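Subject: Structure for your review

Hello,

The structure is below, and my notes on it follow. Please read them with the model open.

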Amino acid sequence: MLLIPCPHCGLRDQIEFRSGGESDRARPADPSGLNEADWAEYLFLRRNEKGLHRERWNHASGCGKWFTLTRDTRTHRFVS
Amino acid sequence: MAELIRLPDAAIVALRCFPESHAIAASSLGVDLPRVNRFIAHNGLTIAAVGPDEWTIVDEGSESAALVHRLETALVGHHAAVIDISGNRVRYRVEGSDALATLARGCALDLERLAPGDCAGTLLARAQIYLLLRDVRPNVEILPRRSFARYIEAWFSSLKSSHGLLPV
Amino acid sequence: MRVQAGGARIDRNRTITFTFDRQKLSAHPGDTLASALLANGIHLVGRSFKYHRPRGIVSAGAEEPNALVTVGEGALAEPNSRATMIELYDGLVARSQNAWPSVNFDLGALTGAASRFFPAGFYYKTFLGSAQRWTRLYEPFIRRMAGLGPAPTAPDPDHYDKMHAHCETLVIGGGVAGRAAAAVASGRVILLDEGSPQDTIKGVSLLSRTTAFGRYDDNLVMAVERVTDHLPPAQRSGPRQRLWQIRAGKIILATGAHQQPLVFPGNDLPGVMLASAALTYLRDFGVLVGRRIILVGDDSGADKLRAGGAEVTCFPAISAAHGRKRVSSVTAPDCRRHVCDAVLMGGHWQPAIHLHSHVGGKSVFDADKHCFVPVADSAQPFSVGACAGEVPAVTPVPPVVGPKAFIDLQNDVTIADIDLATREGFVSVEHLKRYTTTGMATDQGKLSNLNALSRLADNLASTPGAVGTTTFRPPYTPVTFGALAGHDRDLLIDPARHTPVHDWHVANDAKFEDVGQWKRPWFYPRAGEDMHRAVQRECKAVRNGVGMLDASTLGKIDIQGPDAAAFLNLVYTNAWLKLDIGRARYGVMCQEDGMVFDDGVTVRVGEQKFIMFTTTGNAARVLDHLEDYLQTEWPHLKVWLTSVTEHWAAAVVTGPQARALLSKVVSGTDLSNQAFPHLAMREARIAGHAVRLYRISFTGELSYEVHCDARFGAAVWEALFSAGAPFGVTPYGTESMHVLRAEKGYIIIGQETDGTVTPDDLGLSWAIAKSKPDFIGKRSLARPDMLRADRKQLVGLLPVSPIPEGAQITAHAGDTAMLGHVTSSYHSPTRNCPFALGLVASGRTRIGTTVHARFGDHSVTCAVIDAVLYDPEGVRIDG
């Protein structure tokens, strides 16, 4: 059970959060302009890093805000 | 053990706005907007900052429509929203010397570290609540969603039936 | 037997009685069940897991592998309790386990005689063949023969409490090292002590009878406090146990160390125990475990035992121990037999590094002490005392190979099993564990892992450090399910959500259906009615008169801001920019993969204000989905989203008489079709309360949804119902709602959809605005697979006899190739025949043909029809 640093509420228990998976995957500005392979890459593929992983969290039971953190997937430690 | 006391329904309004609108909202309410996870009780209003751009305002003195109208009028031209959410939540007071230990049965927050005027959106058992520490006595107010009221009451009953509160 | 020496923890002036295997025995307050049994000269306390060998008490603590008993009776019985950890109380009832008919004469011991046929990997090598053989033959046999105590079958009558706590310093272990660490710690300090209460320490919250069983990320420790287990049942009040979830700034481990058994033939006989345990029994309980003691290995305790009155002979090693139900002699290295009544194993020590290791703390093998010691790491807790490696340096006694030389007493794993596994190639310590089962079960290898992996290392000409340990995982000691559940049991296992009208439904005899967490009225049976007849009656009332449904559970999202319409245009598949104020529109929402996610009506309340209705089950998910896109993909859009699901209570008034009903109670608006058309909204008042009226129909009939502040939801509902009395207004539930909408071919998310269904599959391509440059899911809907002509499409089915939902659809009666499945199936009240909806490959081109619904051994012919069975022209919507 992680303690997750919400930028608005401080350290809170993991049960208050929802994970949003890998971060930094901006939705393409014009999805219709993408070919099949590029769209499939956006839609389905994730890097699944071992090590430092930028990921999205939502403080669902708290302030409701989405934010991005970097976590070391080997130790579960958040790094700033 | 601590008592769970249902408080009368009141008008509740959500205010959503960004910092550029804080001053206008404050002058309409007659008090500065608290920063996130703090609340202010002023002139029958309780204004709780439940998010960085979200306030839950409880008005025990008037109809919700009046408060909505007052704030909406003040905030014309601003990117702000004022929403009547009076039905969304019910209010309880948890009162008693062991109020914090009672809540700690279902809440992972470090309740002992809260100061009067602190509030939080969090979980109590399996229900999302807003929690407001009114007083160090302690006097804690919790606001679960209306449909969870019976669950919260049943959960407290379960604590009572196990009547095994020990000092921490 | 009890002696004059020692006895620090018992009160010799008082005597209490207890029962073991129906034998009434006496002891002193302060005794554990183990010390009391030993004081009464009872060493044989159970039978072993696999071979049903006689077993005794090995240890004096949490690491006990053998002395597992069932404590208490009936529903209060607790199997697999360690006798060494049970604080005795007057009247305690305990019994031995895994023995039939008795621990002294156990028929299961025949398996012990045949033990050479039960080698390592026995299960994997023997129980081969069909699944049927497993369920009918092997599993019942194994469950009967091998195993621990049976769990009680009655519901647990005890209460269990749960508690969150926070502190700056958490000290685990109430021994000398732990108490010293707690005394000097700063901030809020909690000290967990497995034993009975000791003297308090100033500034320290001391939790006695509390075992930390797991450490998790970010200094979370879970512990179980045994609140009343030490009291006679009649004196217990409050919870039996309390689960502590403690979040600490800093953790100090002072969890001690476990002396390890020696390996020699007969090392499992009752009367063979750890030397340290014998010293504990003497010091704390005044119990001498034998008169003629053989002490093997570390002999540092010999003098204390002699002072207690025993004759002690010390050997550096022995070749074997002998006896049947208790050890009676040993063979010394000189091959001579020595008579004895107890053998004490002076093995080396293994620090209890479990909690250190649970979150990835590393350990290293200390060759001098022959044990694994924790590696100091600033990211891990600080270990002090024995668990940090401050244990006596004891020269390991080499194992003696021979029959019945056990490595793992709880799992009946012998040294020969380890050797066999090595020869068969199980040379990874994790494989060895799974193949031989060594280190499993309730003791988790506290007294076996080190010996097992040392032997493995010897076999591989390696070292224990190179072989390594298996992964330490919580729980350190067994935890009752009741403690983990706490208050979250029975009705509290998941919150039940109630609408503002709930009490009315109860008073009107509703049967309830769980929809997500909501309790929704399912149907309202009248006297003598079953569900089918109640639903048919309710549906006919709606079709011919007027019905009312509590729709308060619908998700409702307030959407405001200058970009609200643009936002809706992106999240729905259809067009939203040109909706007039006061008008409503049906919308379909897709995920980015193009699959239908939710549907519902959204209403333009003002120029920059909308209210969106979602399905009951998806209310939270839709808001999350919208917030995610708004906050992370389109933060430039000026939109506010607010859940108002619970603010608005909602009543559906539907049927040809709906307008007549409403006109009796509504003031402030004109209800005529001209003034208030289908898919429009008006504000009005009912019974003095402000309401919003929406012309939205999910039945195909003239319908009004009446929404009001939930605080007045019950009052408005009752006003409507009273007004409906002259029209015979009929409350209906979710079952009738399903039938009525299915007759109209309206989908239900999660019933017609399952995350693989596109809008076009559902016949909703009219709701896709192809001219919009973008919306969530648009790009995916252009993928080649989405355009295939043989996709499954929603159609209506008219079966010749009732078919169940989920039935497979095939082209011909004998086919196995599946064309699709039945998504909804009911009895049509208007046509008085069974009908269904189904997703069928190329379904729309099959309209007018027949298919077959297959279930079990049945095959039912179905005519494929359009999905809209009732009023396809839609003339009834205006009443």
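How far does helix 4 of chain B reach from its first C-alpha to its last? Helix 4 (residues 149-162) has 14 residues and reaches 20 Å, close to the 20 Å expected at 1.5 Å a residue; the expected span is 1.5 Å times one less than the number of residues. Helices (H or I, at least four residues) and strands (E, at least two) are DSSP runs numbered from the N terminus. Among the buried residues of this helix are B:Y151, B:W155 and B:F156. Buried means under 20% relative accessible area, exposed over 50%, and partly exposed in between (1.4 Å probe, protein chains only).

This is a predicted model, in which local features need pLDDT of at least 70 and side-chain atom pairs pLDDT 80 or more, while totals for chains, interfaces and linings use all residues. Residues are numbered from 1 along each chain as its sequence is written, chains are lettered from A and ligands numbered from 1 in the order in which they are written, and side-chain values use heavy atoms, with hydrogens and water left out.

Chain C and chain B

In chain C, 46 residues are in contact (heavy atoms within 4.5 Å) with 48 residues of chain B. The buried area is about 3900 Å², and carbon and sulfur atoms give 55% of it; this is the accessible area (1.4 Å probe) that two parts lose on being put together, summed over both. On the side of chain C, C:L492, C:W640 and C:R711 lose the most area to chain B, together 21% of what that side buries.

The rule finds seven salt bridges across this interface, a salt bridge being a side-chain nitrogen of Lys or Arg within 4 Å of a carboxyl oxygen of Asp or Glu. C:K609 forms a salt bridge with B:E72, with the closest N and O atoms 2.7 Å apart.

C:Q560

C:Q560 is found in strand 31 of chain C. C:Q560 counts as buried because its relative accessibility is 5%. Its contacts, not counting residues up to four places away in sequence, include B:A80, B:I83, C:K609 and C:W640.

Helix 20 of chain C

Helix 20 (residues 734-743) is largely enclosed by the rest of the structure, because 10 of its 10 residues are buried. What covers the buried residues of helix 20 includes helix 15 (531-544) and strand 44 (820-828) of chain C. C:G745 follows helix 20 and has a positive phi, near 75°.

Regards
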